[in-house]
2 protein chains.
Amino acid sequence: MFRYPNGKTYNPGAVPAKKREAKESYSNRGMTLEEDLNETNQFYLNRAIAVIHKKPTPVQIVNVDFPKRSAAVIREAYFKQSSTTDYNGVYKGKYIDFEAKETQSDTSFPLKNFHEHQISHMKMVIDHGGISFVILSAFGSVYLMEAAVLFEFWERKESGGRKSISKKEIEASSHLIPLGYQPRIDYIKVLEKLYFH
Amino acid sequence: MFRYPNGKTYNPGAVPAKKREAKESYSNRGMTLEEDLNETNQFYLNRAIAVIHKKPTPVQIVNVDFPKRSAAVIREAYFKQSSTTDYNGVYKGKYIDFEAKETQSDTSFPLKNFHEHQISHMKMVIDHGGISFVILSAFGSVYLMEAAVLFEFWERKESGGRKSISKKEIEASSHLIPLGYQPRIDYIKVLEKLYFH
């Protein structure tokens, strides 16, 4: 179990009951992991290490009010499914592209966290020479799984196999990301070892 | 003046009065140029030429309804200013990052189309080895201006000089993008000549 300098343990599942409820009705958007990654990316940006941003949540806007002398107000809009992954940017000239997901399960990571079009997006990124992966928050740790590895588990599901990745499989096929205070989720350190040494 | 195969001329300024009104009250979001670029990017994607997407419009969500048995409805939200450019992706392994803007002016391109944080974002992209530029729709043509060139005009404005780029300056410092039916705005052709030959 990782401890922050202030003594708090890092536990992505540990959100107050109320927040967790809101999160779950929000289709498991994963606020804690998202906040930690945003802070991490801000750290990379401030230190001129990498330029990586989360894309805005895609929204289908239906109705907008234009009140006099104040800002336009969106009065009706719907969440849309993204056709890409959530995070992208540049590190040492290379295109970086990833998705981040978390599970509360203690035993496995459900593949329903990913969508068919995200998988094909990641495949295209790799075909075009980019670096693609997923960040998985599970079992009290945060892992980086390369896209090529995810594709294998995805294919297994597509051909009728199990619909999740077991804890053992994740531990064997992924890379533990060092957690800390600044940056919180140092995934660039893993990328360095995998692609830039 | 470019003509589509159906005989129509390409004129980004030629939007019906009603649409133009809506567009202007929408802070010059540039629908026509955006649609043409989306089709262009879709063409690149379908032909496995490049993976480049427009980022969703950033929206600050304030209030969401969760009706029983139907999709969540956003009831109050506001447009946010983006901290990056609108388009990014990967071409031949390189990180591509750009902004697209249009003007109805016949004589110059106003620099107020860009924001300070977009300029600094583009600077960081270049520092990290990415390719950054702007696509300018103006004077009936579409131009690609490399970020480094835009920075010079921006600096001139910052140091008290003119607040726009004259038509002559754009013609001298930018690259005409070939327009066509498929793809509509073939900016990759310009990138090829500039960076990949």
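Two strands pair if DSSP finds at least two bridges between them. Helices (H or I, at least four residues) and strands (E, at least two) are themselves DSSP runs, numbered from the N terminus.

This is a predicted model, in which local features need pLDDT of at least 70 and side-chain atom pairs count only at pLDDT 80 or more, while totals for chains, interfaces and linings use all residues. Residues are numbered from 1 along each chain as its sequence is written, chains are lettered from A and ligands numbered from 1 in the order in which they are written, and side-chain values use heavy atoms, with hydrogens and water left out.

Four strands make up an open sheet, in the order β2(A)-β3(A)-β3(B)-β2(B), with antiparallel pairing. β2 (59-65) of chain A and β2 of chain B stand at the edges with a single partner strand each, so one side of each has no neighbour in the sheet.

Strand β3 (residues 73-79) of chain A is joined to β3(B) by three bridges, and the two run antiparallel. A:Val73 has B:Tyr78 as its bridge partner in β3(B), and A:Ile74 stands opposite B:Ala77 of that strand.

**The interface**

Chain B and chain A each give 39 residues to the contact (heavy atoms within 4.5 Å). About 3,200 Å² is buried between them, 69% of it from carbon and sulfur atoms; buried area is the accessible area (1.4 Å probe) that two parts lose on being put together, summed over both. On the chain B side, B:Ile74, B:Tyr95 and B:His128 lose the most area to chain A, together 20% of what that side buries.

Five residue pairs, both at pLDDT 80 or more, are in polar contact between the chains. Such a contact is a pair of N or O atoms within 3.5 Å; within protein, one must be able to donate a hydrogen and the other to accept it, and residues adjacent in sequence count only if both atoms are side-chain atoms.

Elements giving two or more residues to the chain B side include β1 (51-54), β4 (87-91) and α3 (116-127) of chain B. The largest share, seven residues, comes from β3(B).

**Backbone details**

| Peptide bond | Form | Omega |
|---|---|---|
| A:Gln182 to A:Pro183 | cis | near 0° |
| B:Gln182 to B:Pro183 | cis | near -5° |

A:Pro183 lies in the loop between β10 (175-176) and α6 (187-195) of chain A. In chain B, B:Pro183 lies in the loop between β10 (175-176) and α6 (187-195). A:Arg69, in the loop between β2 and β3 of chain A, has phi near 60°, a positive value in a residue other than glycine.
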